[in-house]
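Subject: Structure handover

Hello,

Here is the structure for your files. My notes follow below it.

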Amino acid sequence: MDPYAALRYKEFNVFLLIRFAMVFAWSMQFIVIEWQVYTLTKDPLSLGIIGLMEVIPAVSMALFAGHIVDQKEKRNLLALCIFGFSVISCGLFLVSSSQAIEQLSSKTILYIIYALVFCGGLVRAFIGPTIFSLIALIVPKKIYPNAATWSSSTWQMASVLGPAFAGFSISWIGVHWSMCIILSFSVLALLGLSQISKKPILNPKIGEPIFQSLQEGLKFVFSTKAVFGALTLDMIAVLFGGAVALLPIYAQDILHVGAEGFGVLRAAPAVGAFITMMVSTHFPLYKSAGKKLLIAVFAFGVCIIVFGLSTYFWLSVLALFVSGAVDGISMIIRQTILQLKTPDNMRGRVASVNSMFVGSSNELGAFESGVTAKLIGTVTAVVFGGSMTLLTVVITRFVSPGFWRLDLRKDLEEHEKAS
C-alpha cells in the first residue's frame with residue numbers, strides 16, 4: 001500500500017493540521033495545569049484529582065455523546081467542540097493572571113482550575129468520537145488504516161511538542177502567557193475547520209430512541225471479540241501504567257531537573273511513539289496484530305518499572321522513550337482494529353466506548369497513581385502499576401488465545417474490495 005495514500009486528499013491534510021493544533025493545545029494545557037496545581041499544593045493527590053475531574057464527565061457523558069455524534073453532522077459538531085475548548089482555555093488564561101493570583105486565595109484558584117478541567121471533560125466526551133467519525137468521511141475505506149496511522153502520528157507529534165514546549169514555556173514566560181499560546185492554537189484550529197466541507201450523515205436510523213441506540217452500540221463492542229479485547233487490554237494497561245501523572249514529582253523531588261527537565265520527561269514517550277508511527281507507515285502492522293499488541297503492552301509495563309526505579313535522569317528519559325515507542329505500536333493496532341471492524345453507522349458510539357475504555361483510563365490512571373503515591377510512596381506506586389500491566393498481559397495471553405492469533409489482513413482485503 002502507498003504509505004502516503006491518505007495525504008493525497010486535501011481535506012485530510014487540513015484535518016491533520018486541525019488535529020495537530022488541538023492536540024498540541026490540549027497536551028500543553030494539561031502539562032501547564034499539572035505544574036501550576038503541584039506548585040500550589042505540593043500534594044501528589046492533587047495531581048490525581050486533576051485526572052478525576054476530567055474523567056468523571058468524560059465517562060458519564062461518553063455513551064450519550066456517541067449517540068449524538070452518530071445522529072449529527074460531524075464538521076459542525078467538531079466546531080462546537082473546539083469552541084468549547086477555547087472558552088475553557090480563556091478561563092484558565094484569566095485565572096492564571098497576576099491580578100487573579102493577588103485577589104484570590106490558592107484554594108479558590110485550585111477549585112476554579114478543577115471546575116474548568118471538569119468542563120474540559122465534557123468537551124472531550126464529544127471530540128474523540130467526532131474526530132474518529134470524521135476521518136471515515138474524508139478518505140475512502142481502502143485507505144482507512146493508512147489514514148488512522150497518519151492521524152495517530154499527528155497526534156503523537158503534537159504530544160511530543162506540546163509537553164516539551166510547555167516545560168520550556170513555563171520556564172521562559174510563566175504559566176499565564178503559556179495559557180495564551182494554548183488559546184491561540186485552539187482559535188487557529190477553529191479557523192482551519194472552515195476548509196472542510198459538511199459531511200453526510202450515514203446513520204439510517206436518525207431519530208432512533210437513545211437507549212435503543214446505546215444498546216446497539218454496546219452490543220456490537222461486547223460481541224466483537226477483537227474490538228473488546230483490544231480495548232480491555234489497553235484500558236487496564238494504561239490504568240495501572242499511568243506513571244506520567246507523577247512526572248512533576250519526579251522532576252521536582254526525585255530527579256531534581258526543574259521545569260525544563262519536566263518538559264523533556266513528558267515529551268520522551270511521545271517522541272518514541274511518533275518515531276514508531278512514522279516507521280509503521282512503511283511497515284504496516286496488520287500481520288499477527290494480536291501477538292504484536294500483547295508484546296507491545298508487556299514491554300510498556302517493563303519500561304514503567306524501570307522508570308519508577310531509576311534515579312538517573314537520562315535512564316528515566318530512555319525508559320519513557322521506549323515506553324512511548326511500544327505504546328505507539330499498541331495505539332496503531334487498536335485504531336486499525338476499530339477502523340476496519342466498525343460499521344459507518346455506529347462509529348460515534350464505538351468511539352465513545354473506546355474513550356471510556358482507553359481515553360478515560362488515562363485520567364483514571366492519573367487518579368490511581370496519585371492515590372497510590374499518597375498511600376505507599378511515589379516510586380512504589382509506579383512499580384506497582386508496571387507490575388499490574390505485566391500481569392494483565394499474561395492473563396490475557398492464556399485466557400484469550402484467540403486474541404493472540406488475531407490477524408487483520410483479511411479485514412483489510414475486504415475493505416479494499418468494498419472501495
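What should the 14 residues of helix 7 (residues 210-223) span at 1.5 Å a residue? They should span 20 Å, and the end C-alpha atoms are 20 Å apart, which agrees. The expected span is 1.5 Å times one less than the number of residues; helices are DSSP runs (H or I, at least four residues), numbered from the N terminus.

This is a predicted model: local features need pLDDT of at least 70, side-chain atom pairs count only at pLDDT 80 or more, and totals for chains, interfaces and linings use all residues. Residues are numbered from 1 along each chain as its sequence is written, and side-chain values use heavy atoms, with hydrogens and water left out.

Ser213, Leu214, Gly217, Phe220 and Val221 of helix 7 are buried (under 20% relative accessible area; exposed is over 50%, partly exposed in between; 1.4 Å probe, protein chains only). They cover an arc of only 125° around the axis, which puts them on the same side of helix 7; the arc is that of the directions from the helix axis to the C-beta atoms. Phe211, Gln215, Lys219 and Ser223 are exposed, on the face turned away from the buried side.

In helix 6 (residues 144-192) lies Ser151. Ser151 is buried, at a relative accessible area of 1%. Its side chain makes a polar contact of 2.4 Å with that of Arg19 (a pair of N or O atoms within 3.5 Å; within protein, one must be able to donate a hydrogen and the other to accept it, and residues adjacent in sequence count only if both atoms are side-chain atoms).

Phe298 is in helix 11 and counts as partly exposed, at 36% relative accessibility.

Regards

Notes:
Helices (H or I, at least four residues) and strands (E, at least two) are DSSP runs, numbered from the N terminus.
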